[in-house]
Amino acid sequence: MSLENLFSGIFKNKTVLVTGHTGFQGTWLSLWLKSLGSNVIGYALEPPTQPSLFKTLSLERDIKHIIGDLRDKEKLSSIISQNQPEIIFHLGAQALVRKSYAEPLETLETNIIGTANLLEAVRYCPSTKVVVIMTSDKCYDNTRNERPHTENDPMGGFDPYSASKASSEIVTTAYRNSFFSKITSPRIATIRAGNVIGGGDWAKDRLIPDFVRAVIRKEKIKVRNPEYTRPWQFVLEPLSGILWLAVKMIQESKYSEAWNFGPSSDSKQFTVKMMLKAISTEWGINESIMEENTNNELHEDKFLNIDSSKAEKFLGLKLVYNLQETITETVSWYKHFTEQKNEIKNFSIEQIKNYTDHAKQLNLSWT
């Protein structure tokens with residue numbers, strides 16, 4: 001099956017702008033779009049980590065790679081005006097909760113004003129038909145109970161990161177109501193995705209990258225909150241979701257709203273400690289690698305659950321991989337990276353192909 005035929009073939013020869021293309025999810029999305037035959041333009045800061053997935057895959061050779069700050073309204077507007085993208089995926093953000101405590105203003109400016117700058121530029125770009133904005137499952141006013149959040153729950157945020165994502169949602173709704181309400185207007189949607197794991201994430205203070213670094217250095221991993229739960233899912237799950245949502249938005253305006261993309265019930269109550277044990281087992285090492293970090297004064301929500309039944313009902317989306325398959329795919333990527341780094345680009349493309357083959361077996365509509 002040719003990858004270009006996926007998603008109704010919509011992305012072949014389309015000009016697609018990806019903000020945040022040098023980040024973990026942005027790189028995976030850009031690689032997939034390139035495989036779908038898109039003309040990809042990336043706008044982002046330099047890769048945020050060393051190593052970085054973007055540099056590892058040498059993706060700057062395959063796409064139009066532009067270094068720019070979302071807070072630079074003039075440059076962002078100029079890039080959009082010059083390239084006239086038909087579809088925009090907005091993944092650019094300051095994406096770390098703990099960093100938001102250290103750099104709150106940068107977080108708020110990037111995630112709120114950056115989103116507003118993008119939407120303002122889209123107002124004056126006649127080519128743009130669809131904009132999909134990825135926020136976070138942390139955008140909700142989390143009341144600290146275990147009830148999964150639905151799309152109609154109120155926005156909120158204890159920490160600067162969560163508040164910035166809630167504000168980004170509110171700003172997007174305001175722009176959609178004020179400037180994009182006509183039938184001929186660009187169609188705007190937001191995505192609130194659960195915790196994403198997969199190969200190539202090297203961010204600081206994230207469980208999987210911290211685990212891999214500990215394994216490579218033969219050190220123990222310090223875990224902050226071993227009993228906290230997160231809605232874990234494979235990186236390609238929300239990305240296939242936003243690609244399919246963009247297709248549906250091109251076809252009909254009714255899809256221009258907020259959507260939750262999260263995992264199935266088997267992983268919703270999976271704690272950090274349980275995840276670390278599963279990863280250790282998959283890697284083939286003793287789970288005693290874990291060491292609890294008791295020096296943790298920064299607030300983080302204990303429970304994070306989202307209800308994705310709306311996406312399943314109206315978009316036909318279901319997770320392709322269960323949690324064990326997600327862990328297997330993730331560990332296999334990092335092991336391949338440590339053993340055959342020069343082949344990791346082909347391996348990454350094969351992971352996309354394997355994922356789509358599994359989706360085809362499940363008869364998912366986007367395949």
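Colleague: Buried means under 20% relative accessible area, exposed means over 50%, and partly exposed lies in between, with a 1.4 Å probe and protein chains only. With that settled, is Val131 buried or exposed?

Modeller: Val131 counts as buried, because its relative accessibility is 0%. Please keep in mind that this is a predicted model, in which local features need pLDDT of at least 70 and side-chain atom pairs count only at pLDDT 80 or more, while totals for chains, interfaces and linings use all residues. Residues are numbered from 1 along each chain as its sequence is written, and side-chain values use heavy atoms, with hydrogens and water left out.

Colleague: OK, and where does Val131 lie? What does it touch?

Modeller: Val131 lies in strand S5, where helices (H or I, at least four residues) and strands (E, at least two) are DSSP runs numbered from the N terminus. Leaving aside residues up to four places away in sequence, Val131 touches Ile88, Leu118, Val122, Arg187, Ile188, Ala189 and Met249, a contact being heavy atoms within 4.5 Å.

Colleague: And how far is Val131 from Ser52?

Modeller: Val131 and Ser52 are 79 residues apart in sequence, and their C-alpha atoms are 26 Å apart in space.

Colleague: Let's zoom out. What is the strand order in the sheet?

Modeller: It is an open sheet of 7 strands with parallel pairing, in the order S3-S2-S1-S4-S5-S6-S10; two strands pair if DSSP finds at least two bridges between them. Strand S3 (64-67) and strand S10 (258-261) stand at the edges with a single partner strand each, so one side of each has no neighbour in the sheet. On average, neighbouring strands of this sheet are turned by 20° against each other, with direction ignored.

Colleague: Which strands does S1 pair with through bridges?

Modeller: S1 runs parallel to S2 and is joined to it by 5 bridges, with Val40 in S2 as the bridge partner of Val16. The chain goes from S1 through H1 to S2, and this β-α-β crossover is right-handed, a term used if, with the strands pointing away from the viewer, the path from the first strand over the helix to the second runs clockwise. S1 is also joined to S4 by 4 bridges, again running parallel, and there Ile88 in S4 is the bridge partner of Leu17.

Colleague: How many residues of S1 are buried?

Modeller: In S1, 5 of its 5 residues are buried. Both faces are covered, with Thr15, Leu17 and Thr19 on one side and Val16 and Val18 on the other.

Colleague: What joins S4 to S5, and which helices pack over these strands?

Modeller: Strand S4 (residues 87-90) and strand S5 (residues 130-134) run parallel and are joined by 4 bridges, and His90 stands opposite Ile133 in S5. Helix H1 (residues 24-35) lies across strand S1 (15-19), strand S2 (39-44), S4 and S5, running at about 170° to S1; axes here are lines fitted to C-alpha atoms, for helices over the stretch in contact, and angles run from 0 to 180 degrees between N-to-C directions. Helix H8 (residues 236-251) packs on the sheet too, touching S4, S5, strand S6 (187-193) and S10, and its direction makes about 150° with that of S5.

Colleague: Switching topic, how many salt bridges are there?

Modeller: A search of the whole structure finds 16 salt bridges, each being a side-chain nitrogen of Lys or Arg within 4 Å of a carboxyl oxygen of Asp or Glu. One of them links Asp153 and Arg147 at 2.9 Å, N to O; Asp153 counts as buried at 14% relative accessibility, whereas Arg147 counts as partly exposed at 43%.

Colleague: What does the salt bridge between Lys310 and Glu257 tie together?

Modeller: In that salt bridge the closest N and O atoms are 3.1 Å apart. Lys310 lies in helix H11 (residues 309-315) and Glu257 in the loop between H8 and S10, so the pair ties together parts that are 53 residues apart in sequence. Lys310 is buried, with a relative accessible area of 18%, and Glu257 is partly exposed, with 31%. Elsewhere, salt bridges that share partners join Asp69, Arg71 and Glu109 into one network.

Colleague: Last one: how many disulfides are found?

Modeller: The search of the whole structure finds 0 disulfides, where a disulfide is a pair of cysteine sulfur atoms within 2.5 Å. Cys125 is buried, with a relative accessible area of 3%, and Cys139 is buried, with 0%.
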